[in-house]
Structure formats: structure tokens, C-alpha cells
Amino acid sequence: MTAERVNPPDLSPPTGFSHAVVTTGSRVAYLAGQTALDTEGKIVGTTLPEQFERALTNLLTALRAAGGNPGDLARVTVYTTDVDDYRAHAPELGRIWRTSAGREYPAMAVIGVVRLWDTQALVELDGVAVLP
């Protein structure tokens, strides 16, 4: 798989995402929304950063099981129950992302929602990856 991150100079500089990702590959993986569920089906963590780290770990676990790696992610959508809290923790969430997924950012969006399927969940991530 090849992925070209496109960040035009006519747009604001991206921080923690790419404006566009152009990919080539042979398979596409659609990754279901992942929250901070543990293997017992219980939400772990009480803070947004704790839950973000677990949700990202779960997303990357599904991606690896499908034969991909973080660099294959073309798009990730983040759903949060508190956009202000997400913005307040953005530097820490960025560190968590870089530690787990590296610096090759997919196209991303953060969307505020009233609630998630699991009422204790503060954040959910889904994605699309293009695999070799």
C-alpha cells in the first residue's frame, strides 16, 4: 500500500491529521467503531485520555487482525461526548496517537455526539484502511 498525505499550502497547517490521503492498494478494511471496552465488554478508564488510548488500541488491534498497520489508515473519525474536553486534552491525545500509531496521520474528523452506545464511553474511533 502506498499513501500520499496531501496538505495544501492554501489550507491551515494540519495538526495531528492530514487534509487528504491518496492511497493505492489491493484491499480496503472498514474498521468498526471502537470504544474503551476491555475483553470482558466493560468500559475501562474514567478520563478521556484513558479511554482514547484504549479505544485506539482496540482500533489498531482490529486493523492488525485484518492484516494492516497504522500507516495503512486512510481515514479515522473520532466521536466524543465532550468536544471541549477533547480540545483541552488534545496535546496528550496527540502523544497517545504518536506512541501507538506513529506520525503518518490519516484524514481525520472529530465529531461531538450526545452519547455513545455504551453510556460510560467518552470517545469512539472508527476508520478505513487501504491494505497491501
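**From one bridge to the fold**

In this predicted model, Val76 has Gly127 of β6 as its bridge partner. Another residue placed opposite β6 is Thr77, which faces Asp126. The strands concerned are β4, residues 73-80, and β6; they run antiparallel and are joined by seven bridges.

β6 also pairs with β3. Strand β3 covers residues 27-34, and its pairing with β6 is antiparallel, with six bridges. Within β6, Val130 is the residue that stands opposite Val28.

How enclosed is β6 by the rest of the structure? The strand spans residues 123-131, and seven of its nine residues are buried, so the rest of the structure largely encloses it. For a residue, buried here means under 20% relative accessible area.

These pairings belong to an open sheet of four strands, ordered β3-β6-β4-β5, in which the pairing is mixed. The edge positions are taken by β3 and by β5 (107-112); each has a single partner strand, so one side of each lacks a neighbour in the sheet. Direction ignored, neighbouring strands of the sheet are turned by 10 degrees against each other on average. Helix α1 packs on this sheet, where it touches β3, β4 and β6. The direction of α1 makes about 30 degrees with that of β6.

A search of the whole structure gives one aromatic pair. Its members are Phe52 and Tyr86, arranged edge-to-face, with 6.3 Å from centre to centre and 70 degrees between the planes. Phe52 is part of helix α1 (residues 48-65) and Tyr86 is part of helix α2 (residues 83-88), so the pair ties together parts 34 residues apart in sequence. Phe52 and Tyr86 are both buried.

Now the protein as a whole. It contains three helices and six strands, and from the N terminus these elements follow the order β-β-β-α-β-α-α-β-β. The radius of gyration is 14 Å, close to the 14 Å given by the globule rule for 132 residues, so the protein is as compact as a globular protein of that length. The C-alpha trace spans about 35 × 35 × 25 Å along its principal axes.

Of the contacts with a separation of 6 or more, 73% are between residues 24 or more positions apart. Buried residues account for 34% of the 132 residues. The protein exposes about 7300 Å², of which carbon and sulfur atoms supply 52%.

Notes. Residues numbered from 1 in each chain as written. Predicted model: local features only at pLDDT ≥ 70, side-chain atom pairs only at ≥ 80, totals over all residues. Heavy atoms only, no water. Buried < 20%, exposed > 50% of the residue type's maximum accessible area, 1.4 Å probe, protein only. Helix = DSSP H or I, 4+ residues; strand = E, 2+ residues; numbered from the N terminus. Pairing = 2+ DSSP bridges. Phe/Tyr/Trp six-rings, centres within 6.5 Å; stacked < 30°, edge-to-face > 60°. Axes fitted to C-alpha atoms, helices over the stretch in contact; angles between N-to-C directions. Contact = heavy atoms within 4.5 Å. Rg over C-alpha atoms; globule rule 2.2 N^0.38 Å. Areas by Shrake-Rupley, 256 points an atom, 1.4 Å probe, with all protein chains shown as cover.
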